[in-house]
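Please keep the structure in view while going through them.

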Amino acid sequence: MFLRPQMGSRQILTILILTNTLLSFITPTHCSSSSKSQNVTVSLYYETLCPYCANFIVNYLVKIFQNGLISIVNLRMVPWGNAWINKSDGSFICQHGSDECLLNTIEACTIIVYPDVVRHFRFIHCVERLTLEGKHTEWINCFQKSGLGTVPIDCYNSGYGNVIEQKYAKETGQLNPPHRFVPWVVVNNQPIQEDYGNFVAYICKAYKGPKPEACRSLSPMVDSIEKSNSIQPVCYVDEERT
């Protein structure tokens, strides 16, 4: 699927050369270098049309932007999830069909073109809200709603988005232990698995600096997260694909 290009090929090439430097997946630059060193790295492995991923992003993960925890978090969004690569022709096959492959790649392009986590998360949040509302085909409107340009569409059309997705596929495939479902949340290299609903408590426990207010109010929960039996709905790797 190709979308209507928004700019000339020379401009696209320039953008792609510049954004290529970001493919090492460096952490977002939303805080000062002096504080980043002790920040908690949170990686979310997800797929765009899994309703449980969308719900987590829209109703839970967004809270770290609202309560200020983003200041102590290096948030990494990895839109690949339970997809796989067809060995015969190298094409992507996604659990929820071709629309999911499209949106995974569009979101991947947006992350790379707009590396500031506040900016690309705003777009992703918009798309995932549409997923929950059964309106994901209206995703293109999220560029305007989130105040971003449509350069990620050119990234997709050029095929560069596939390069990014291949890197995300490799990273997801090398998770240890392997992911069994999405959303798969990893806090400082430790997967929290079915307890992802308590991700804030894991962030607060992992952070070694002065606890922000959002963590102080969660002190009892932080102390008992190992005893949590929270089970959240997920999209399993081996469940029926659509």
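1. A disulfide is taken here as a pair of cysteine sulfur atoms within 2.5 Å. The model is a predicted one, in which local features need pLDDT of at least 70 and side-chain atom pairs count only at pLDDT 80 or more, while totals for chains, interfaces and linings use all residues. Residues are numbered from 1 along each chain as its sequence is written, and side-chain values use heavy atoms, with hydrogens and water left out.

2. The structure holds five disulfides, and if the bonded cysteines of the protein chain are numbered in sequence order, their pairing reads 1-10, 2-3, 4-7, 5-6, 8-9. One cysteine, C53, is in no disulfide, and the nearest cysteine sulfur to it, that of C50, is 3.6 Å away. With a relative accessibility of 0%, C53 counts as buried, a word that stands for under 20% relative accessible area, with exposed meaning over 50% and partly exposed in between (1.4 Å probe, protein chains only).

3. C94 and C101 are joined by a disulfide with an S to S distance of 2.1 Å. Which hand does the disulfide of C94 and C101 have? The torsion about its S-S bond is about 115°, so this disulfide is right-handed. Both ends are covered, since C94 is buried at a relative accessible area of 5% and C101 is buried at 13%.

4. A further disulfide joins C109 to C155, with 2.2 Å from S to S, and because the torsion about the S-S bond is about -70°, it is left-handed. This pair links distant parts of the chain, 46 residues apart, with C109 in helix α5 (residues 98-113) and C155 in helix α8 (residues 151-158). Helices (H or I, at least four residues) and strands (E, at least two) are DSSP runs, numbered from the N terminus. C109 and C155 are both buried.

5. The disulfide between C204 and C215 has an S to S distance of 2.1 Å, and its torsion of about -85° about the S-S bond makes it left-handed. Because C204 lies in helix α10 (residues 199-206) and C215 in helix α11 (residues 213-216), the pair ties together parts that are eleven residues apart in sequence. C204 counts as buried at 1% relative accessibility, and C215 is buried with a relative accessible area of 3%.

6. The structure also holds nine aromatic pairs, where rings of Phe, Tyr and Trp (its six-membered ring) pair if their centres lie within 6.5 Å, and planes under 30 degrees apart count as stacked, over 60 as edge-to-face and the rest as tilted. How are the rings of F56 and F199 arranged? Their centres are 5.2 Å apart and their planes are at 75°, so the pair is edge-to-face. It links distant parts of the chain, 143 residues apart, with F56 in helix α3 (residues 51-61) and F199 in helix α10. F56 is buried at 2% relative accessibility, and F199 is buried at 2%. Ring pairs link F56, Y60, Y196 and F199 into a cluster.

7. F65 and F121 form a stacked aromatic pair, with 4.4 Å from centre to centre and 20° between the planes. F65 lies in helix α4 (residues 63-66) and F121 in helix α6 (residues 117-132), so this pair ties together parts that are 56 residues apart in sequence.

8. Leaving aside residues up to four places away in sequence, M77 touches L44, Y46, I57, L61, I111, H120, F121, I124 and Y168, contact meaning heavy atoms within 4.5 Å.

9. For the protein chain as a whole, the secondary structure comes to twelve helices and eight strands, and buried residues make up 52% of its 242 residues. Among contacts between residues at least 6 apart in sequence, 75% join residues at least 24 apart.
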